[in-house]
Amino acid sequence: MVYLYAFAYHEDERDLFEMERRALFGAGDGVPAGMAAFRSEREIDPRRSPFLKSRLDVRFEGDSPVELAERIREAGVAAPSFKVVYGKTGESELSYEDRRAVERIVGAAVRGTADMRTPAEKFGVAAYGGRWAFGPLRESGDAWQKHARKPRQYSTALGARLARAVANIAVPEPSGIRAIDPCCGIGTVLLEALSMGVDIVGSDVNPLAVLGARENVSHYGYPDVVRVADARDVAGAYDVAIVDLPYNLCSVLPERELDELLAAVRRMAIRAVLIATTPIDDAVSRAGFAVRDRCEARKGSFRREVVAVERDATVTKF
């Protein structure tokens with residue numbers, strides 16, 4: 001099975017989108033400039049990503065909408081009620097009238113009742129790689145964006161989109177993975193990870209932050225997975241840690257404290273995704289981590305580094 005994923009992002013988010021795409025779909029080549037979709041053999045729920053708009057499960061292909069319709073008709077594709085949606089991929093984009101014409105040509109080949117409002121099934125049709133593709137369409141929707149309206153807010157907390165992307169980068173396949181956020185603040189990353197079924201716990205040295213995190217996760221019906229603890233004292237073994245390194249608008253974490261925090265992260269987790277407002281390469285190396293991927297996440301003039309690291313096997317530090 002081949003899948004066609006449509007996506008959208010702000011220009012400041014391109015690097016973050018590409019890093020998340022590499023984590024979810026494998027390295028491969030980057031998406032060419034100007035394109036708004038990519039193909040993959042990996043099946044990912046598009047609701048997971050803040051950038052994916054939809055997934056078209058490619059069942060039929062043709063050199064033209066007419067040829068595609070013939071194949072759909074020959075296969076006897078049917079649904080009690082349905083809607084055909086033209087997908088923009090960035091390739092040979094058509095006018096509004098031509099897009100509707102493609103939907104009508106392809107829709108006429110499906111057995112059933114066309115229903116534009118409440119269809120039992122949605123199908124997608126899109127041009128990609130010089131071919132036309134058709135199949136069931138799964139749209140991402142925006143249900144996860146409710147987390148942006150959590151009851152407890154904090155000015156320097158990660159935005160919901162960045163937090164969700166970071167959770168995907170850290171845990172692309174949740175099954176069997178134990179994760180921890182040892183500097184969880186008000187729980188922004190916890191909310192996104194929990195909503196995707198990630199087995200994650202959180203802690204923070206600030207009792208007020210923990211109260212806020214507990215209120216936020218409880219507000220959305222998630223279990224209480226938060227406790228008060230200094231990250232340097234956290235015990236236990238985890239597959240991955242997600243760490244938004246502490247900072248405020250006036251200062252950054254002193255080098256000694258940063259080294260202590262990263263040493264603790266290395267003790268507790270095999271891999272980690274670190275979010276920082278200043279370069280941390282030297283500290284990462286001192287802690288015995290190796291960088292495996294990275295990007296810069298921007299929002300206007302404000303920049304964060306997102307760095308995926310793993311234990312350097314040549315360094316023994318526990």
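What volume does the largest pocket have?

1. The largest pocket has a volume of about 710 Å³. A pocket here is an open set of points on a 1 Å grid over the protein atoms alone, where a 1.4 Å probe fits, with protein on both sides within 12 Å along at least five of seven lines. Please keep in mind that this is a predicted model, with local features needing pLDDT of at least 70, side-chain atom pairs counting only at pLDDT 80 or more, and totals for chains, interfaces and linings using all residues. Residues are numbered from 1 along each chain as its sequence is written, and side-chain values use heavy atoms, with hydrogens and water left out.

2. Now to its lining (residues with an atom within 4 Å of a point). The largest pocket is lined by 33 residues, with Cys183, Gly185, Asp204, Asp244 and Pro246 nearest its centre. Strand E12 (238-244) gives the largest share, three residues.

3. The second largest pocket has a volume of about 470 Å³. Among its 19 lining residues, Gly159, Leu162, Arg298, Lys299 and Arg304 are the closest to its centre. H4, strand E14 (289-299) and strand E15 (302-311) each supply at least two residues of this lining.

4. In the contact (heavy atoms within 4.5 Å), Ala160, Ala163, Arg164 and Ala167 of H4 meet Thr188, Val189, Glu192, Ala193 and Ser195 of H5.

Technical notes. Helices (H or I, at least four residues) and strands (E, at least two) are DSSP runs, numbered from the N terminus. Grid points are joined across faces, edges and corners, and a volume is the space filled by probe spheres set on the points.
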